[in-house]
Amino acid sequence: MKVHEFQAKMLFRDHGIPCPDGAVVEGEADLEGLAARLSGDVFVVKAQIHAGGRGKGKACRDGVEVGRGVHVVRSPEEAVRIARTLLGATLVTIQTGSRGRLVRKVLVENGVDIDKEFYLAAILDRETATVALMASAEGGTEIEEVARRTPERIHTVRVNPLLGYREFQGRVLALKLGLSGEAVGQFVRLAGNLVKLFMAKDCSLAEVNPLVLTRQGNLVAIDGKLNFDDNALFRQAAVAGLQDVGEEEPSEVEADRAKLTYIKLDGNIGCLVNGAGLAMATMDIIKECGGEPANFLDVGGTATAENVAKSFEIMLRDKVQGIFVNVFGGIVRCDVVAQGLVDALSKVKLDVPLVVRLEGNRKAEALAILAGSGLPLIAAADMKDGATKIVAACRRG
Amino acid sequence: MAILLSSKTRVVVQGITGGAGKFHTGLMRQYGTQVVAGVTPGKGGTLAEGVPVFETVQQAREATDANAAIIFVPARFAADSVVEASDAGMELVVCITEGIPALDMARVKNLLASRGTVLIGPNTPGIIAPALHCKMGIMPDMIFSPGRVGLISRSGTLTYEAVDQLTRLGLGQSTCVGIGGDPVVGQTFLDLLERFEADPDTDGVVLIGEIGGNQEERAARFIAEHMTKPVAAFIAGKTAPPGRRMGHAGAIISGGKGTAADKVAALTEAGIVVAPTPADIGVAMKTALERRS
């Protein structure tokens, strides 16, 4: 699960990681009196969406460009004016896709007098089963770029989750970053607090970028990102409460409620598959055959009539131009799946080509059920045959 | 023979009275697995699927000499169940449960590192050795056939797809292991490749990977340096967008790392036959085996 920058900063402050003072605005009412509450001579106005690249992103209103997603301004009045412009604009960044995202919240903060910028992040390292604490003096930039070009500039220590953070680990990193004097102690505490936050809240990523050393000698987190382990939300009620459903794809939220795993993509061929690995492989083979998958959809190990029906409903609403059903019946018998498919299709109006591939236990009986149903579907002998047929059917339109 | 399983494998089912536990205990016994005990707190002294139920794994071991555990308990208790099985001296623990918090598994993995317990999973279909008629898992056993190909996979139904292709081509299997679709799992590709390399009854190995992490890259390096047996591979997720969790908690491209293209490149460079599509996995193994003979 992802949260907004302002929510991440709220949790940072709760865990002893200093952030600039600021306010979140969602509408005209929040803008009133805001100018009077700001102080200093530099202010930062930031669109809050669940995607990166905001600083270089393009914000548009009614098709007219109104600037980037992040602004640095010189007066409180200017900050309020920019915030008003960004609210309700559509922001397109390298991570949003061409449709962009509606800006529904804006963060307005006091500026910070920057001396140096660093990168600091805690992330679960799956190979070593530890929390990797990574730091770099190349803060503020795309850390992926740094990792690719100059991996030696990223320094890592590994925190054993049974032991927790040890202060020497922070000192090791602080010295690698070239910190000295009081900043070392500040960094050791801040890094420890980040790891504590990571473990206490079941994060999968806790990132401060940049972490800034101000000219006054203080370490401040001026941007940050927190991702959480979905599997742990059952014990993180406060975190779960931060979810902003407005940032999610509505059809994905609906699928989630029906216990389907659905991810909307840019293509036109819908696919319905049992199992995550096979679902990914099905998308791949559609692409290999010259088509574009419209979604990832895992109906679970056991495809039932109800979740098959729901899947069709969601895919058809998302305007797919064809559907490929690929089910490997193992413990779940193919004839049961076939009957589920027939029942489901009696409830929805299907006006796009449908290719069905069923394999495994009681396949012959399953094919007989499909043939006897009178449904206008194309049967496929195997996965590749199915992918070829749905791509061809969609081309014919 | 097989890796990890043997004719001496005596299984205790943790969570035997739950829906999935009960159902699969029946299927495992039907197949031939020696299921000797079950554990469900509060249900000790009863029978489930004809198997005696105990309060703890320790009790079960003392009464039945069980030496391997399979776990079906709900996600919020499953990490504890792994530790309980290990504490009771189980040599092999297969955790079927999906949805366990990653940090819990990270702690458990660090704990097990200093012990002899071998953990498979979590979020795995399990392990099966067709010649032994022994399965600790939920896979449909009718598609498997005894033979000399080993298989290691991060997914479930995609594994069945591959096994089905192998069986049709006359390539039976020595042992098939699902390592699990979570970020932190017990046995990795590397651990199992090592076991298959040492297994006199395995001639070649199929490796089915997916996006996320760098297990496949590490496996490629190991194969190039240490494996004498042929390996065929497939990587799922070529079309997966970055930053999205593709069903499995572990299947996510993050920070530009863990892409299918990187993995395919690493495997190809190590001389491994990589199947271009999921429909070509069986043929890829056949090609790899023929190349060596």
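A: Two residues are in contact when heavy atoms of theirs lie within 4.5 Å of each other. The structure is a predicted model, in which local features need pLDDT of at least 70 and side-chain atom pairs count only at pLDDT 80 or more, while totals for chains, interfaces and linings use all residues. Residues are numbered from 1 along each chain as its sequence is written, chains are lettered from A and ligands numbered from 1 in the order in which they are written, and side-chain values use heavy atoms, leaving out hydrogens and water.

Start with A:Asp244. It sits in the loop between α8 (237-240) and α9 (250-257) of chain A; helices (H or I, at least four residues) and strands (E, at least two) are DSSP runs, numbered from the N terminus. Leaving aside residues up to four places away in sequence, A:Asp244 touches A:His4, A:His50, A:Arg104 and A:Lys105. The side chains of A:Asp244 and A:Arg104 are joined by a polar contact of 2.9 Å. A polar contact is a pair of N or O atoms within 3.5 Å; within protein, one must be able to donate a hydrogen and the other to accept it, and residues adjacent in sequence count only if both atoms are side-chain atoms. Is A:Asp244 buried or exposed? A:Asp244 counts as buried because its relative accessibility is 9%; buried means under 20% relative accessible area, exposed over 50%, and partly exposed in between (1.4 Å probe, protein chains only).

A:Asp223 lies in the loop between β13 (219-221) and β14 (224-228) of chain A. With a relative accessibility of 18%, A:Asp223 counts as buried. A polar contact of 3.3 Å links its side chain to that of A:Arg54. Not counting residues up to four places away in sequence, the residues touched by A:Asp223 include A:Glu5, A:Lys9, A:Lys46 and A:Glu207.

The helix α9(A) comes next. Its buried residues are A:Ser251, A:Glu252, A:Val253, A:Glu254 and A:Ala255. What covers them includes β15 (261-264) and α11 (305-317) of chain A. Just after α9(A), A:Lys259 takes a positive phi of about 65 degrees.

In chain B, B:Leu151 is placed in strand β10 (residues 146-153). B:Leu151 counts as buried because its relative accessibility is 0%. Apart from residues up to four places away in sequence, its contacts include B:Thr159, B:Ala162, B:Val163, B:Phe196 and B:Ile208.

Now the contact between the chains. It takes 62 residues from chain B and 45 residues from chain A. The size of an interface is often given as the accessible area lost when the parts come together. Between chain B and chain A the buried area is about 4,300 Å², with carbon and sulfur atoms giving 63%; buried area is the accessible area (1.4 Å probe) that two parts lose on being put together, summed over both. In chain B, the residues that lose the most area to chain A are B:Leu103, B:Thr157 and B:Thr239, together 15% of what that side buries.

How many salt bridges are there between chain B and chain A? There are six, a salt bridge being a side-chain nitrogen of Lys or Arg within 4 Å of a carboxyl oxygen of Asp or Glu. A:Asp230 forms a salt bridge with B:Arg245, the closest N and O atoms being 3.6 Å apart. The count of residue pairs in polar contact between chain B and chain A is 15 (both at pLDDT 80 or more). On the side of chain B that touches chain A, α1, α4, α5 (157-168), α7 (215-226) and β13 (231-236) of chain B each supply at least two residues. α4(B) gives the most to that side, with eight residues.

Chain B is divided into domain 1 (11-120) and domain 2 (140-292), with bounds from an automatic or database domain assignment. The contact takes 10 residues from domain 1 of chain B and 11 residues from domain 2 of chain B. The buried area between domain 1 and domain 2 of chain B is about 890 Å², of which carbon and sulfur atoms give 60%. Between domain 1 and domain 2 of chain B the count of salt bridges is zero.
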